[in-house]
Amino acid sequence: MLEVRNLVKNYGKIEAVKGVSFTVEQGKCFGLLGPNGAGKTTTIEVIEDVFPATSGEVLFDGKPRSASFREKIGIQFQQTALLGHMTIRETLRTFKALYKKSAEIEDLAELCVLNEFLDQMNDKISGGQRQRFFLALALINEPDLIFLDEPSTGLDPQARRNLWDIVSRITGMGKTIILTTHYMEEAQYLCDEVAIMDHGQIIAQGSPEELIRQHGGDVTIVIPEENFKTIGDRDSFNHKVKHESVEILTDDANRCLEDLLARKVNLNDIVIRSQNLESVFLNLTGRKLRE
Ligand code: ATP
């Protein structure tokens with residue numbers, strides 16, 4: 001559905017995007033993941049045709065974007081300024097009137113769980129409700145391709161989960177989503193494919209599972225230090241002591257657990273931290289995603 005070829009975007013001397021290429025298939029959720037300033041927003045704003053690329057190409061359905069491209073896409077920006085004295089329903093109606101093709105407000109309210117506050121003022125809703133409302137605005141023209149720019153930033157875990165459920169339902173309807181996020185759990189939960197960006201470039205790309213398999217590194221097994229102290233040959237485990245716990249790093253969790261059990265280590269209070277996209281980023285760059 002979308003092909004991005006060697007996209008470059010400079011702001012004066014700042015090289016925000018330095019030759020990014022990827023393709024997105026219909027019905028998939030594609031995630032751009034990276035720390036603040038990596039170039040995610042710039043990349044999607046160039047694709048959205050908000051401003052032109054310095055160089056490179058964007059193809060939609062195999063062709064350069066035409067005038068009708070904006071009718072076919074929906075955008076949830078990081079920030080949207082709305083009039084405080086209008087209700088959610090009035091705002092949805094106003095946006096609906098801008099498009100030739102549009103969704104029914106009741107259907108959108110159902111999908112985005114807005115029913116109970118359609119008649120509330122735009123500035124009198126919670127952060128989670130606002131993000132679901134912005135998502136409804138992005139869907140008002142029944143787009144084929146939807147851009148979500150850090151949709152869950154600032155939401156509590158419950159509100160974030162609710163938003164993820166809605167996004168999953170949207171891809172389930174065959175819509176294509178391009179998502180930017182710096183929450184690796186979000187990318188892992190929602191995305192079929194992820195491109196990890198850093199300093200304006202894609203440094204790794206694939207399904208979350210592939211990336212974790214290729215670059216995720218070791219599993220961490222955490223046990224109380226007092227349990228670990230009971231064994232003699234502690235140095236046969238790659239471990240470090242941290243706050244009265246021992247963290248053992250291993251690339252073979254099965255063997256490590258068998259070894260610990262064979263040495264009669266009490267594993268009742270064990271914690272196992274598996275690899276995730278955060279560890280992929282850490283292994284590739286030596287830095288944490290969120291600092
Ligand atoms: P965040 O997660 O913080 O939104 P991001 O990955 O989306 O970050 P961008 O907002 O695309 O990153 O920024 C990439 C680089 O381009 C940064 O160095 C930023 O300071 C710079 N930049 C972004 N927008 C502009 C602009 N309008 N003018 C000049 N520089 C800009």
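This is a predicted model: local features need pLDDT of at least 70, side-chain atom pairs count only at pLDDT 80 or more; totals for chains, interfaces and linings use all residues.

**Entry 1: two helices.** I started with the contact of H8 and H11, where Pro208, Leu211, Ile212 and His215 in H8 meet Leu277, Ser279, Val280, Asn283 and Leu284 in H11; contact means heavy atoms within 4.5 Å.

Residues are numbered from 1 along each chain as its sequence is written, and side-chain values use heavy atoms, with hydrogens and water left out.

Next came the geometry: the axes of helix H8 (residues 208-215) and helix H11 (residues 277-285) come within 9 Å and cross at roughly 45 degrees. That makes H8 oblique to H11. For the labels, angles under 35 degrees count as roughly parallel, over 145 as roughly antiparallel, 65 to 115 as roughly perpendicular and the rest as oblique. The axes are lines fitted to C-alpha atoms, for helices over the stretch in contact, with angles from 0 to 180 degrees between N-to-C directions. Helices (H or I, at least four residues) and strands (E, at least two) are DSSP runs, numbered from the N terminus. H8 passes H11 in a left-handed crossing, that is, the near helix is turned anticlockwise from the far one by less than a right angle (clockwise would be right-handed).

**Entry 2: the six-stranded sheet.** In what order do the strands of the open sheet of six run? I read E6-E7-E8-E3-E9-E10, with mixed pairing; two strands pair if DSSP finds at least two bridges between them. Strand E6 (73-76) and strand E10 (201-206) are the edges, each pairing on one side only. On average, neighbouring strands of this sheet are turned by 15 degrees against each other, direction ignored. Helix H5 (residues 127-139) packs on the sheet and touches E6 and E7, its direction making about 160 degrees with that of E6. H11 turns up again here, lying across strand E3 (29-33), strand E9 (193-198) and E10, at about 40 degrees to E9.

I also checked one strand pair: E7 (residues 145-149) and E8 (residues 176-181) run parallel and are joined by five bridges. Aspartate 149 has threonine 180 in E8 as its bridge partner.

**Entry 3: H5 and H6.** The axes of H5 and helix H6 (residues 157-172) come within 9 Å and cross at roughly 15 degrees. That makes H5 roughly parallel to H6. Their crossing is right-handed.

**Entry 4: the four-stranded sheet.** This open sheet has the order E12-E13-E11-E14, with antiparallel pairing. Its edges are strand E12 (239-242) and strand E14 (271-273). Four bridges join E12 to strand E13 (residues 245-250), and histidine 239 has isoleucine 248 in E13 as its bridge partner. Helix H10 (residues 253-262) packs on the sheet, touching strand E11 (219-224), E13 and E14.
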